[in-house]
Amino acid sequence: MISLRQGPPAPGRPMSPATSAEIEGLARRHGLQVIRATKSNDASERQEVSWEAVWLQLPDDGTGALPLLRHVVFNDQKSSTYKLALLRALLRIADGAAGFARPGANDDHVELPLGLVALYWIRSFQPLIKADLPQQPRGNQHLGFVKAGFRGLMDRSPFDLRVGQRFSEKDAENLIRAIREAANCIRRMPANYITYPGSEKPVFPCTRGGPVRLKNSVSIDEAFLWSLGSFSVPRNLWQAMGRYAAWLEPAVLNEWIRMMRSYEQKTTDGKRSWDEHWKALEWLAPEHDTDIARRRAETLRADGFLYCVWTGKRLTKVYEIDHCFPFAAWPCNDLWNLLPSDRRANQNKSDRLPSPDALDSAKPRLLDWWHSAYQQDIRLKATFEDEARSALPATGLGESGFTLESVFDGLMFQQLVLKRDQQLREWQPA
């Protein structure tokens, strides 16, 4: 508990101003939760003085996951930022690409494609290397994954490094090299050296895949990412990462910045600002771009086959492309999440989450839209399927065959997750 005195200092007693907002910001950065904050008048009835009290605690979900993650972030010995980068990649996958997770050999673990972990690793490091922010005491000259492939991708947008994208010619070779080198680095370094406290047992055991040869064309899809190998995550950690990613990631990033600033003392003449480091670590969300869906909708409208997924109303000139799950709460611009909607229905829905009944009622029109808009074009079909497999944690995607029904099952499951974790208001069309 921290007590803060607000008001001018007494004569002869110098004081520095402090606010509860500062305390809350520091708490988030250092892995604490604010559980209570109160304000009160001064007990001595001084009109210019008031008091604030803030209660903090180390959270624990009862499974042992959060204390273990806190140990890795704050206490585990580190000679570089690799361990933090690995945790950040896993948090991002748990929050936005949980559909890739498969049951492990036993119920205690889930398996992820090692190539996916490597992809998110590259995305985290790309802006840091570009800004020459040091990732180890000696700088960036000897980083195990910064080789020809990684350097060859430096000019590519982070938005290109995502599931569903395709690379050709030299870019394809660079991508394969970069992910292959990152996967090897992860397997040999942070995954090998993140161990349980007081033990040499690794928390994240990995298995190497077969040889991944260079090609002049490659898709970032499920088959490619699994070909690099398998990455195992204890189930209690996986569940905690998915549920508490919004709280855990700032703690990881804060420690990452602290380490980079300590390296800057050894490698440069001066430190860059804290905000510069935060900016370089920013995970760029997808742009609010509905062009592909709108072009497909225009084609269907011209043929007289465009309907509002929520109301069934036939759409003519005035309509909108709606994000099924509100972009403000879950910034996903995948094709499956973009739906034609009557303007009035879309405005009424706003940033609310469609209820299970709303989705169930819209199911026939949803399936028809997905089929008509995306399944008739071979490139859009592949992108649609890759994005759905990545984002929607539905049993059967990529295992017993891909169907639009399984995409809808994943949609319904994700609705429950968003309702549970973000407490979004539900919407039911009139």
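Trainee: Which residues of strand S10 (residues 320-323) are buried on one side, and which on the other?
Mentor: This is a predicted model. In it, Glu-320 and Asp-322 are buried on one side of S10, and Ile-321 and His-323 are buried on the other.

Trainee: Which strand pairs with S10, and over how many bridges?
Mentor: Strand S11 (residues 338-341) pairs with S10 in the antiparallel sense, over four bridges. Within S11, Leu-339 is the bridge partner of Asp-322.

Trainee: How many bridges join S2 to S3?
Mentor: Eight bridges connect S2 with strand S3 (residues 50-57), and the two run antiparallel. Lys-39 stands opposite Glu-52 in S3.

Trainee: New topic, the nonpolar core. Which residues touch the most other members of the largest one?
Mentor: The largest nonpolar core has 80 residues, and Leu-86, Trp-121, Phe-125, Phe-204 and Phe-231 touch the most other members. Helix H9 (residues 235-267) gives the most to this core, with 14 residues. Apart from it lies another core, of 40 residues, including Tyr-319, Leu-367, Leu-411 and Leu-418.

Trainee: And what is Trp-121 in contact with?
Mentor: Leaving out neighbours within four places in sequence, Trp-121 is in contact with Tyr-82, Ala-85, Leu-86, Ala-89, Phe-145, Ala-182, Cys-185, Ile-186 and Pro-190.

Trainee: Last one, Ser-355. Where is it found?
Mentor: Ser-355 is in the loop between strand S12 (353-354) and helix H13 (356-374).

Trainee: Is Ser-355 buried or exposed?
Mentor: Ser-355 has a relative accessible area of 8%, and the cut-off for buried is under 20%, so Ser-355 counts as buried.

Trainee: What does Ser-355 touch, then?
Mentor: Not counting residues up to four places away in sequence, Ser-355 touches Gln-415, Glu-426, Trp-427 and Gln-428. With Gln-428 there is also a polar contact of 2.6 Å between the side chains.

Conventions. Residues numbered from 1 in each chain as written. Predicted model: local features only at pLDDT ≥ 70, side-chain atom pairs only at ≥ 80, totals over all residues. Heavy atoms only, no water. Core = buried A, V, L, I, M, F, W, Y, C linked by side-chain atoms within 4.5 Å. Buried < 20%, exposed > 50% of the residue type's maximum accessible area, 1.4 Å probe, protein only. Contact = heavy atoms within 4.5 Å. Pairing = 2+ DSSP bridges. Polar contact = N/O pair within 3.5 Å; in protein donor to acceptor, adjacent residues only side chain to side chain.
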